Amino acid sequence: MFQQFDPDRFWEDPIPCKICKRPILTDHATEQVHVPFDAEHGLHELNGLYHSECAKPYLGVMRALDMIARGSS
C-alpha cells in the first residue's frame, strides 16, 4: 500500500550517464571525465559524470593522449 521511499526519485532527478543514458543514483560508482577545451575537435563535450564502467574507454584514451603529449614535448 505504501510506496518505498527513494530520495533519488523524490527530491531531485538523477543525472543520466552520457553513455548508457541510465540514471546515476547515489549508490552507483561514478567517474568524472574532464577534457580541456578544444574548439577544433569538440572533445570538451565529453566532460561530465559517467558510470565507472561506462567511463573506462574514455579514461583510457585520455591517459594515452596524455602520455603522447608528455613524450612529444
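User: How many disulfides does a search of the whole structure find?

Analyst: The search finds zero disulfides, a disulfide being a pair of cysteine sulfur atoms within 2.5 Å. Please note that this is a predicted model, in which local features need pLDDT of at least 70, side-chain atom pairs count only at pLDDT 80 or more, and totals for chains, interfaces and linings use all residues. Residues are numbered from 1 along each chain as its sequence is written, and side-chain values use heavy atoms, with hydrogens and water left out.

User: Where does Lys-21 lie?

Analyst: Lys-21 lies in the loop between strand 1 (15-16) and strand 2 (23-24). Helices (H or I, at least four residues) and strands (E, at least two) are DSSP runs, numbered from the N terminus. Lys-21 has a positive phi of about 70°, although it is not a glycine. Its relative accessibility is 58%, so Lys-21 counts as exposed.

User: Changing topic, how many aromatic pairs does the search find?

Analyst: A search of the whole structure finds one aromatic pair. Tyr-50 and Tyr-58 form this tilted pair, with 5.7 Å centre to centre and 45° between the planes. Rings of Phe, Tyr and Trp (its six-membered ring) pair if their centres lie within 6.5 Å; planes under 30 degrees apart count as stacked, over 60 as edge-to-face and the rest as tilted.

User: Is Tyr-50 buried or exposed?

Analyst: Tyr-50 is buried, at 1% relative accessibility, whereas Tyr-58 is partly exposed, at 28%.

User: What about Ser-52: which residues does it touch?

Analyst: Ser-52 touches Ala-29, Thr-30 and Glu-31, not counting residues up to four places away in sequence; contact means heavy atoms within 4.5 Å. Ser-52 is found in helix 2 and is buried, with a relative accessible area of 17%.

User: Is Ile-68 buried or exposed, then?

Analyst: Ile-68, found in helix 2 (residues 52-72), is exposed, with a relative accessible area of 57%.

Conventions
Buried means under 20% relative accessible area, exposed over 50%, partly exposed in between (1.4 Å probe, protein chains only).
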